[in-house]
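Here is a short briefing on the model shown below. Fold, surface and confidence are taken in turn.

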Amino acid sequence: MRSLEYKIWFISLCILHLCPLCEARALSKRTVSEVQLMHNLGELKQVKERREWLQLRLRGIHGGPARASSAEVGRRRRPRPEELPDLRDMTPEDIQYALDLLEKLLKSEEVMILI
């Protein structure tokens with residue numbers, strides 16, 4: 001019985017001695033490609049999180065009217081009749097003022113085109 005106790009003590013001391021040594025060592029070292037892959041994965045996650053945060057912030061912002069298609073970029077859109085102001089209430093002085101203003105604008109555009 002005494003020899004059994006010595007064997008148990010010896011095995012337990014060996015285990016206690018080997019445990020700290022095993023914990024200090026890494027099980028396997030990573031290669032450079034694995035480290036680079038993990039770094040790239042971390043950056044990708046950060047970019048994705050930033051993009052999601054930015055999209056959440058931009059949802060509340062009104063961007064104005066939608067952009068015109070590429071075919072409509074070169075030409076101006078003609079206003080619809082319901083978009084035009086009601087001109088029936090204009091006096092002759094208002095009409096003359098509007099005509100003078102349009103003439104000035106046309107002359108200034110001609111000057112801008114010549115330049």
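A residue counts as buried when its relative accessible area is under 20%, and as exposed when that area is over 50%; partly exposed lies in between. By that rule, buried residues account for 0% of the 115 residues in the protein chain. The model is predicted.

**Fold**
- The protein chain has three helices and zero strands.
- Along the sequence, its pattern reads α-α-α.
- Helix 2 covers residues 32-59, and helix 3 covers residues 92-114.

**Surface**
- I95, Y97, L99, L101, L102 and L105 make a nonpolar surface patch of about 590 Å².
- L105 sits in helix 3. L105 counts as partly exposed because its relative accessibility is 45%.

**Confidence**
- Mean pLDDT for the protein chain is 76. A pLDDT of 70 or more is reached by 70% of its residues.
- Which element has the highest mean pLDDT, and which the lowest? Helix 2 has the highest, at 88, and helix 3 the lowest, at 77.
- Where pLDDT is low, predicted coordinates should not be read in detail.

Notes. Residues numbered from 1 in each chain as written. Predicted model: local features only at pLDDT ≥ 70, side-chain atom pairs only at ≥ 80, totals over all residues. Heavy atoms only, no water. Helix = DSSP H or I, 4+ residues; strand = E, 2+ residues; numbered from the N terminus. Buried < 20%, exposed > 50% of the residue type's maximum accessible area, 1.4 Å probe, protein only. Patch = residues over 30% accessible without salt bridge, like charges linked within 9 Å, V, L, I, M, F, W, Y side chains within 5 Å. Areas by Shrake-Rupley, 256 points an atom, 1.4 Å probe, with all protein chains shown as cover. Salt bridge = Lys/Arg side-chain N within 4 Å of Asp/Glu carboxyl O. pLDDT = per-residue confidence, 0-100.
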